[in-house]
Amino acid sequence: MKLEVYKIDGSKSGEVVELSDNIFAVEPNDHVIYLAVKAHLANRRQGTHKTKERSEVSGGGRKPWRQKGRGTARAGTIRSPLWVGGGTVFGPKPRNYRQKLNKKVTKLARKSALSYKAKAEQILVVEDFDFDAPKTSKFVEILKALQLEGKKVLLVTDETRKNVYKSGRNIPKVNIIEAYKASTYDLVNNQVLVFQESAVKKIEEILN
């Protein structure tokens with residue numbers, strides 16, 4: 001599959017990038033995409049949720065009143081789960097939500113996501129660019145020139161480009177990520193996937 005390379009001013013550069021069929025034209029596997037996205041979202045969870053059980057709530061060290069003779073229900077502690085301020089029964093406890101996928105499944109999931117994007121013509125290749133200093137207005141101009149303004153965009157770079165990242169991080173619906181960090185979730189969770197020209201080679205090296 002061949003794609004034309006665009007300049008940051010929106011015009012065609014005249015160059016053509018050939019996408020590897022082993023990565024951008026495989027038979028997509030929906031199930032592994034599901035597994036990869038599920039694992040990614042699970043791994044983002046902190047798992048620090050916690051409620052206090054009866055033994056952890058302060059107070060309630062003595063019996064609030066005598067067992068019989070008051071005409072009220074018997075009670076052994078003011079920190080009973082039935083009382084306001086009492087402990088919680090079967091509440092959440094800290095836990096690890098981490099899920100693991102083997103390398104073959106992870107690779108296949110990424111290839112499947114990229115193949116879906118290529119089939120839907122949602123991949124755009126632009127020439128490599130960087131900024132001398134962070135400038136959000138320049139990034140916005142590039143989006144306008146490429147007719148991507150207002151769309152959910154993922155820009156994939158070949159390496160860490162701090163000024164590009166800082167220029168685009170405050171723009172709604174825009175995400176910037178290095179090729180080696182791009183997960184299946186990142187590749188799927190956008191309307192348009194924008195690759196810098198050198199990032200295409202980088203991701204092919206990673207997934208081949």
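Two strands are taken as paired if DSSP finds at least two bridges between them. The legends below apply this criterion to a predicted model.

**Figure 1. Pairing of strand β3 with β1 and β6 in the predicted model.** Strand β1, residues 2-6, pairs with β3 in the parallel sense over 2 bridges. Val5 stands opposite Val125 of β3. The pairing of β3 with β6 is likewise parallel and comprises 4 bridges; Ile123 has Leu193 in β6 as its bridge partner. Both faces of β3 (residues 123-126) are covered. On one side Ile123 and Val125 are buried, and on the other Leu124 and Val126 are buried.

**Figure 2. The open sheet of 6 strands.** The strand order is β2-β1-β3-β6-β4-β5, and the pairing is mixed. Strands β2 (12-18) and β5 (174-178) stand at the edges with a single partner strand each, so one side of each has no neighbour in the sheet. From one strand to the next, the twist averages 30°. Within the sheet, β4 and β6 run parallel and are joined by 4 bridges. Val156 has Phe195 in β6 as its bridge partner.

**Figure 3. The largest cavity and its lining.** The cavity count, for volumes of 30 Å³ or more, is 1. The space in the largest cavity is about 80 Å³. Its lining consists of Val126, Phe129, Phe139, Ile142, Leu143, Leu146, Leu148, Val153, Leu155 and Val194. By class, this lining has 10 nonpolar residues, with no polar and no charged ones. Helix α4 (136-145) and strand β4 (153-157) each supply at least two of the lining residues, and α4 gives the most, with 3 residues. Val126, on the lining of the cavity, is also one of the buried residues of β3.

**Figure 4. The largest pocket.** This pocket has a volume of about 360 Å³. It is lined by 17 residues, of which Tyr6, Glu121, Ile123, Leu124 and Leu146 are the closest to its centre. Strand β1, helix α3 (103-119) and strand β3 each supply at least two lining residues. The largest share, 3 residues, comes from β1. The lining has 10 nonpolar, 3 polar and 4 charged residues. Leu146 belongs to the lining of the largest cavity and also to that of the largest pocket.

**Figure 5. The second largest pocket.** The space in this pocket amounts to about 260 Å³. Among its 13 lining residues, the closest to the centre are Ala36, Ala39, Asn43, Leu101 and Thr106. Helices α2 (30-43), α3 and α6 each supply at least two residues of the lining, and the largest share, 4 residues, comes from α2. By class, the lining comprises 4 nonpolar, 6 polar and 3 charged residues.

**Figure 6. The surroundings of Asn190.** Asn190 lies in the loop between helix α6 (184-188) and strand β6 (192-196). Its relative accessibility is 9%, and Asn190 therefore counts as buried, the cut-off being under 20%. Apart from neighbours within four places in sequence, Asn190 is in contact with Lys117, Lys152, Val153 and Leu154. Of these contact partners, Val153 also lines the largest cavity.

Conventions. Residues are numbered from 1 along each chain as its sequence is written. This is a predicted model: local features need pLDDT of at least 70, side-chain atom pairs count only at pLDDT 80 or more; totals for chains, interfaces and linings use all residues. Side-chain values use heavy atoms; hydrogens and water are left out. Buried means under 20% relative accessible area, exposed over 50%, partly exposed in between (1.4 Å probe, protein chains only). Contact means heavy atoms within 4.5 Å. On a 1 Å grid over the protein atoms alone, a cavity is a set of points where a 1.4 Å probe fits but cannot get out, and a pocket is an open set with protein on both sides within 12 Å along at least five of seven lines; lining residues have an atom within 4 Å of a point. Grid points are joined across faces, edges and corners, and a volume is the space filled by probe spheres set on the points. Ala, Val, Leu, Ile, Met, Phe, Trp, Tyr, Cys and Pro count as nonpolar, Asp, Glu, Lys and Arg as charged, and the others, Gly among them, as polar. Axes are lines fitted to C-alpha atoms, for helices over the stretch in contact, and angles run from 0 to 180 degrees between N-to-C directions.
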